[in-house]
Amino acid sequence: MPTAFWSTLDTKIGPFTAVATGDGAVLASGWTGDVAELTPLISPSLAPTTLTERRDLGPVTAAIRRYHGGDLDAVADIEVRQRSGPFREHAWEMLRKVPAGSPVSYAEYAALSGNPSAVRAAATACARNAAALFVPCHRVVRTGGAIGNFRWGVDAKRWLLHHEESA
């Protein structure tokens, strides 16, 4: 992929950076002000040869702002491009179907992904998700409701879950 674009904007829980293709598909995103934290997460088959900063990524930026402002479905229609094996790609697709305000356990996520015994594989899919928020891995919690881990910090995950529960 020749060129991708990135932008960082301030949110209620800190800076959020997104990397997107020219046609608006998200390759990577997360609560960081450093695009260099995101680029290693992009599949080598999708990695851009050039990254260019833009102040605004159009619909991607608008969706990030609207989500943080309370429109929890704003990110649902943004295309995401991630590559991996068949289970992980399917698991990421299923994660986009988990509704805001209705977190699932890792065991439930494994079942939604088509293999109830693949709890570790489901957890790995969350850990390897490059497109946080757009593929809402924060909606997966431990059995019993404990927060669990999150690449962007437990405090950010707690804020996101509370934001979705109270919106």
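Predicted model: local features only at pLDDT ≥ 70, side-chain atom pairs only at ≥ 80, totals over all residues.
Figure 1. Beyond the neighbours within four places in sequence, proline 103 is in contact with Arg139, Val141 and Leu161. Proline 103 belongs to the loop that runs between helix 2 and strand 5 (104-105). With a relative accessible area of 40%, proline 103 is partly exposed. Serine 84 lies 19 residues from proline 103 in sequence, and the two C-alpha atoms are 24 Å apart in space.

**Figure 2. The salt bridge between glutamate 164 and arginine 139.** The closest N and O atoms of glutamate 164 and arginine 139 are 2.9 Å apart. This pair links distant parts of the chain, 25 residues apart: glutamate 164 is in helix 5, whereas arginine 139 is in the loop between helix 4 and strand 6 (140-141). Both partners, glutamate 164 and arginine 139, are buried.

**Figure 3. Lysine 157, a buried residue without a salt bridge.** Lysine 157 is part of helix 5, which spans residues 154-166. A polar atom of the lysine 157 side chain lies 2.7 Å from the backbone oxygen of valine 140. When neighbours within four places in sequence are left aside, the residues in contact with lysine 157 are Tyr106, His138, Val140, Val141, Ile147, Gly148, Asn149 and Phe150.

**Figure 4. Packing of helix 2 against helix 4.** From helix 2, the residues Phe87, Arg88, Ala91, Trp92 and Leu95 meet Ala121, Ala122, Thr124, Ala125 and Cys126 of helix 4.

**Figure 5. Further salt bridges, from a total of 6 in the structure.** Arginine 66 and aspartate 71 join through their side chains in a salt bridge, with an N to O distance of 3.1 Å. Arginine 66 is partly exposed at 43% relative accessibility, and aspartate 71 is likewise partly exposed at 33%. Aspartate 56 forms a salt bridge with arginine 65, in which the closest N and O atoms are 4.0 Å apart. The relative accessible area of aspartate 56 is 38%, and this residue is partly exposed. Asp23, Glu79 and Arg81 are linked in a network of salt bridges.

Terms used: Residues numbered from 1 in each chain as written. Heavy atoms only, no water. Helix = DSSP H or I, 4+ residues; strand = E, 2+ residues; numbered from the N terminus. Buried < 20%, exposed > 50% of the residue type's maximum accessible area, 1.4 Å probe, protein only. Lys, Arg positive; Asp, Glu negative; His and termini not counted. Polar contact = N/O pair within 3.5 Å; in protein donor to acceptor, adjacent residues only side chain to side chain. Contact = heavy atoms within 4.5 Å. Axes fitted to C-alpha atoms, helices over the stretch in contact; angles between N-to-C directions.
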